[in-house]
Amino acid sequence: MNSLGGSRNLAARAGRWSARHWKTATFGWLALVAVVTVLGSLAGTQEISDADSMSGDSARAQRIIDGAGFRDAAMEAVLVQSATATALSPSFEDTVEHAVRVLSPTPGVETVRSPYAPGNDDQISQDGHSALIGVELDLRGDEFATVDRTARAIAAVARAHPGFRVEQTGGASIEKAEEETVGEDVEQAELISIPITLGVLLVAFGALLAAFIPLLLALTAFAAATGVLGFASNLLPVDDAATNVMLLIGLAVGVDYALFYLKREREERALGRSREAALDAAAATSGRSVLISGLTVILAMAGMFLAGNGAIVSVGLGAIIVVAIAVVGSLTVLPALLSRLGDNIERGRIPGLARSRAGHESRLWGAVVERVLRRPLLAALFAGGALVALAAPALDLHTARPGVGDLPQNLSAVETLNRIERAFPGVPDPAEVAIEAADVTNPDVQAAIERLQQHALASGAAREPIEIDVNPAKTVAVVSVPLAGRGAGDAQSERALAALRQLVQATIEPTRAEAAVGGEIAASRDFNETLKSHMPLVFAFVLGLAFLLLLVAFRSLVIAAKAVVLNLLSVGAAYGLLVVVFQHGFGESLLEFESNGGVISWLPLFLFIVLFGLSMDYHV
């Protein structure tokens with residue numbers, strides 16, 4: 001690879017070949033996209049398991065449970081509540097019994113636990129105005145259809161008893177609401193991103209055709225990437241978020257790379273060069289920039305492979321695939337299209353937005369650059385100081401695993417869950433101690449489980465009721481232990497989890513049975529701890545390789561060091577804004593969200609990798 005303006009580098013040779021064989025390059029690209037997309041769709045996308053999306057001890061516990069052959073069931077809760085009547089009143093009992101009668105024969109319902117049954121006193125609140133009906137659902141069929149049937153049954157009960165609140169919630173209900181609401185929001189955001197991108201390109205080029213080509217490149221690269229991901233997922237299952245990230249990253253890099261080419265080609269034509277000479281210069285310069293930028297982004301995304309979490313690894317895989325395909329398209333089909341279109345790229349000029357081919361410099365940014373160059377030291381101190389000031393709040397950064405609190409609080413299932421938590425305070429999701437042995441019913445293991453229960457209750461780490469479930473093969477026992485505290489992220493719950501794990505080591509492991517502690521609180525802690533322990537490795541990997549790549553590409557320590565330092569300042573400023581907005585709640589009412597006192601745990605790592613990778617485009 002020779003100097004930046006040379007014509008013998010790989011990008012220049014690829015661009016020259018594509019220009020000479022524009023039909024082969026263009027139709028070959030379209031055929032490749034179509035074939036890969038179709039075959040990938042036929043291959044199907046394998047989604048990551050719950051265990052592989054977790055980390056540490058909780059992932060081990062989930063694998064034990066998943067392989068034990070337990071019935072695929074879920075517990076839902078029906079809240080019966082009255083502002084005036086109590087559980088001892090006939091009207092309250094009649095409402096509860098009506099709900100029990102309606103739910104019991106509903107298809108997909110395994111068992112129904114009435115709060116009036118012996119031993120279920122804990123299902124009535126202390127003030128007596130709330131009661132819970134436990135409903136176990138069989139999830140072997142259509143889970144959401146089962147939830148719909150029980151929801152209709154509960155709605156009928158609520159209509160028959162207008163003085164009472166009768167509502168359903170639980171993991172299955174919340175998952176259904178999340179799928180319908182949040183999933184639709186994500187799809188809508190993705191659809192909106194495309195016309196917004198097109199609008200920006202129209203402003204940038206002032207011509208429909210010139211604006212459409214970068215978008216076409218980005219979308220075809222994304223389509224091909226989804227097909228490749230389908231094949232790859234059969235070796236490495238992927239998270240749902242991978243596709244969403246691929247579209248956004250694909251749009252970003254695909255448009256960027258096309259802009260590099262188009263801008264340079266137009267500049268060369270404005271200087272009076274022939275169509276072939278302008279395209280050759282663009283391929284040798286902007287094409288080389290695309291290649292270097294793409295490699296830098298890919299190396300940055302590869303940092304996700306060191307995150308220690310399967311879901312993040314799968315997102316990194318998807319991002320790498322779409323960036324690699326966008327680079328290939330930019331170096332091949334883009335110069336082919338430009339060679340064929342020539343000056344027709346200016347077709348569809350928009351009055352008021354169109355600029356002459358002689359070039360048009362922005363007065364605003366021209367004035368900014370002029371003043372910056374006039375006093376570079378002052379400008380650097382001012383901009384650097386502003387970035388450092390924005391980054392300062394990042395020193396107080398706290399992370400939290402995504403949970404129900406991050407969902408829209410106006411979802412009916414979430415509202416009902418919040419009412420249950422207020423009526424039955426201090427009962428978080430239980431920890432699940434998964435115990436695997438040749439026979440978990442043998443006296444030694446049973447005695448160890450008994451000691452675990454006694455010591456957990458005596459230490460204050462656990463609360464009643466502790467429940468035990470054994471699989472049909474009697475090889476796995478799951479001990480559900482309600483922990484002290486208020487749930488994931490709560491300091492008391494964290495201490496209770498640590499105490500429970502120590503007790504498991506002291507009581508279960510001496511029997512030579514395998515044991516691991518899972519559940520929502522454990523999963524949240526393990527996820528956060530894994531990310532914290534792996535972040536230094538990811539930072540070192542991304543920064544080191546990006547520095548080396550830029551050093552080799554530009555043969556300048558100053559350029560490589562400047563790019564790394566400025567990117568770190570940008571990342572720090574982004575972290576600071578995250579803390580101010582999402583941790584301290586600045587602008588909650590304006591942005592219509594509710595702060596949970598922490599930043600989603602995967603976001604700092606993901607933001608560093610994406611921001612660092614994409615911003616290298618502009619440095620290059």
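## T26 and helix α2

T26 is found in helix α2, helices here being DSSP runs of H or I with at least four residues, and strands DSSP runs of E with at least two, both numbered from the N terminus. The model is predicted: local features need pLDDT of at least 70 and side-chain atom pairs count only at pLDDT 80 or more, while totals for chains, interfaces and linings use all residues. Residues are numbered from 1 along each chain as its sequence is written, and side-chain values use heavy atoms, with hydrogens and water left out.

T26 counts as buried because its relative accessibility is 9%; buried means under 20% relative accessible area, exposed over 50%, and partly exposed in between, with a 1.4 Å probe and protein chains only. Leaving aside residues up to four places away in sequence, T26 touches V333, A336 and L337, where contact means heavy atoms within 4.5 Å.

## Helix α2 against helix α7

Helix α2 (residues 22-43) and helix α7 (residues 208-232) have axes that come within 7 Å and cross at roughly 35°. Axes are lines fitted to C-alpha atoms, for helices over the stretch in contact, and angles run from 0 to 180 degrees between N-to-C directions. The crossing of α2 past α7 is left-handed, that is, the near helix is turned anticlockwise from the far one by less than a right angle.

On the α2 side the contact includes W29, V33 and L39, and on the α7 side it includes L217, A224 and F231. By class, this contact has 11 nonpolar, 5 polar and no charged residues. Ala, Val, Leu, Ile, Met, Phe, Trp, Tyr, Cys and Pro count as nonpolar, Asp, Glu, Lys and Arg as charged, and the others, Gly among them, as polar.

## The four-stranded sheet

An open sheet of 4 strands has the order β2-β3-β1-β4, with antiparallel pairing; two strands pair if DSSP finds at least two bridges between them. The edge strands, each pairing on one side only, are β2 (109-113) and β4 (165-170). From one strand to the next the twist averages 20°.

Strand β3 (residues 130-138) pairs with β2 in the antiparallel sense over 4 bridges. Here R113 stands opposite G134, and V112 has V135 as its bridge partner. Strands β1 and β3 also run antiparallel, joined by 9 bridges, and the partner of A74 in β3 is L137. In β3, 9 of its 9 residues are buried. Both faces are covered, with residues including L132 and E136 on one side and I133 and V135 among those on the other.

## Helices on the sheet

Helix α5 (residues 143-160) lies across β1 (73-81), β2, β3 and β4, and runs at about 165° to β4. Helix α14 (residues 412-423) also packs on the sheet, where it touches β1, β3 and β4; its direction makes about 100° with that of β4.

A nonpolar core is a set of buried Ala, Val, Leu, Ile, Met, Phe, Trp, Tyr and Cys residues joined through side-chain atoms within 4.5 Å. The largest one has 84 residues, and I249, Y257 and M301 have the most contacts inside it. Helix α8 (residues 241-270) gives the most to this core, with 13 residues. A second, separate core of 29 residues includes A437, V445, V481 and A513.

Strand β9 (residues 514-518) is mostly covered, with 4 of its 5 residues buried. Strand β6 (residues 431-436) pairs with β9 in the antiparallel sense over 5 bridges, and V433 stands opposite V517 in β9.
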